[in-house]
Amino acid sequence: MFTLTRPDGYLLSTDPDRLDLDRVHHWLSTDAYWALGRDRDTVGRAFAGSIGFGVYRPGDGRQVAVGRVVTDRATFAWLCDVYVDRAERGRGLGTWLAGAARDHLAEWGVRRMVLATADAHGVYAKVGFTPVEPGRWMEYDQRVTQLTGKDQSAGSPLTVEG
């Protein structure tokens with residue numbers, strides 16, 4: 001478990017028992033453009049399979065920010081689901097969380113960390129994140145329905161040959 005305290009009293013922790021996943025679910029499913037409508041079970045499973053970083057307010061200890069890292073704990077990590085409560089924005093908590101995650105993973109030897117953002121490039125640039133080189137990274141993003149196994153944007157079935 002990793003903890004860090006800022007001079008102004010905000011606490012960052014990777015203690016999974018401290019995360020308020022109901023609050024995190026509310027933030028992500030109602031106010032995060034990348035996770036709108038995400039169900040509570042999915043949020044729980046995602047955090048169970050990741051390293052969750054919670055940020056807690058001084059005084060009352062209420063959770064005010066979150067992020068999660070998917071990693072092999074050796075060479076690669078993906079920082080995702082970073083969210084700062086609207087009432088706490090402007091205090092540098094997102095940048096602090098990203099930097100703390102980067103530094104914590106570097107202790108394990110992780111040298112490559114990626115993230116995706118539509119609107120917060122400046123937040124992450126402050127701790128060394130740079131745009132990805134065009135033509136180098138590729139992605140697979142198939143939106144599959146749980147019931148049919150079919151791609152929602154195409155009519156072809158998902159098949160596996162064995």
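Q: Which atom of F2 lies 2.8 Å from a polar atom of the T14 side chain?
A: It is the backbone nitrogen of F2. As a general idea, a polar contact is a pair of N or O atoms within 3.5 Å; within protein, one must be able to donate a hydrogen and the other to accept it, and residues adjacent in sequence count only if both atoms are side-chain atoms. One caution before we go on: this is a predicted model, where local features need pLDDT of at least 70, side-chain atom pairs count only at pLDDT 80 or more, and totals for chains, interfaces and linings use all residues. Residues are numbered from 1 along each chain as its sequence is written, and side-chain values use heavy atoms, with hydrogens and water left out.

Q: Is T14 buried or exposed, and what is it in contact with beyond its neighbours within four places in sequence?
A: Here the scale is relative accessible area: buried means under 20%, exposed over 50%, and partly exposed in between (1.4 Å probe, protein chains only). T14 has 11% relative accessibility, so it counts as buried. For contacts, look for heavy atoms within 4.5 Å. Beyond its sequence neighbours, T14 touches M1, F2, I51, G52 and F53 in this way. Its place is in the loop between strand 2 (11-13) and helix 1.

Q: How many helices and strands are there in the chain?
A: Helices (H or I, at least four residues) and strands (E, at least two) are DSSP runs, numbered from the N terminus. This chain has four helices and six strands. Read from the N terminus, their order is β-β-α-α-β-β-β-α-β-α. The chain has 162 residues, and 40% of them count as buried. Among its contacts with a separation of 6 or more, 54% are between residues 24 or more positions apart.

Q: How do the axes of helix 1 and helix 2 cross?
A: Two packed helices are described by the angle between their axes and the distance between the axes. The axes are lines fitted to C-alpha atoms, for helices over the stretch in contact, with angles from 0 to 180 degrees between N-to-C directions. For helix 1 (residues 21-31) and helix 2 (residues 40-48), the axes come within 10 Å and cross at roughly 115 degrees. The crossing is right-handed.

Q: Which residues in helix 1 and helix 2 meet?
A: Helix 1 brings L21, D22, V24, H25 and L28, and these meet R40, V43, G44 and F47 in helix 2. By class, that contact holds five nonpolar, two polar and two charged residues.

Q: Which residues of helix 1 are buried, and what covers them?
A: The general idea is that an α-helix has 3.6 residues a turn, so residues three or four places apart point the same way. In helix 1, the buried residues are L21, R23, V24, W27, L28 and S29. Their cover includes helix 2, strand 4 (63-71) and strand 5.

Q: Is R6 buried or exposed, and which side chain does it make a polar contact with?
A: R6 is buried because its relative accessible area is 14%. Its side chain makes a polar contact of 2.6 Å with the side chain of D8. R6 sits in the loop between strand 1 (3-5) and strand 2. Setting aside neighbours within four places in sequence, R6 is in contact with R91, G92, L93 and W96.

Q: Where is R86 found, and is it buried or exposed?
A: You will find R86 in the loop between strand 5 (76-84) and helix 3 (93-106). With a relative accessible area of 54%, R86 is exposed. Its side chain is joined to that of D31 by a polar contact of 2.8 Å.

Q: What is the phi of R73, and what is that of D81?
A: Most residues other than glycine have a negative phi. R73, though not a glycine, has a positive phi of about 65 degrees, and D81, also not a glycine, has one of about 50 degrees. R73 lies in the loop between strand 4 and strand 5 and is partly exposed at 46% relative accessible area. D81 has its place in strand 5 and counts as buried at 4%.

Note on methods:
A crossing is left-handed if the near helix is turned anticlockwise from the far one by less than a right angle, and right-handed if clockwise. Ala, Val, Leu, Ile, Met, Phe, Trp, Tyr, Cys and Pro count as nonpolar, Asp, Glu, Lys and Arg as charged, and the others, Gly among them, as polar.
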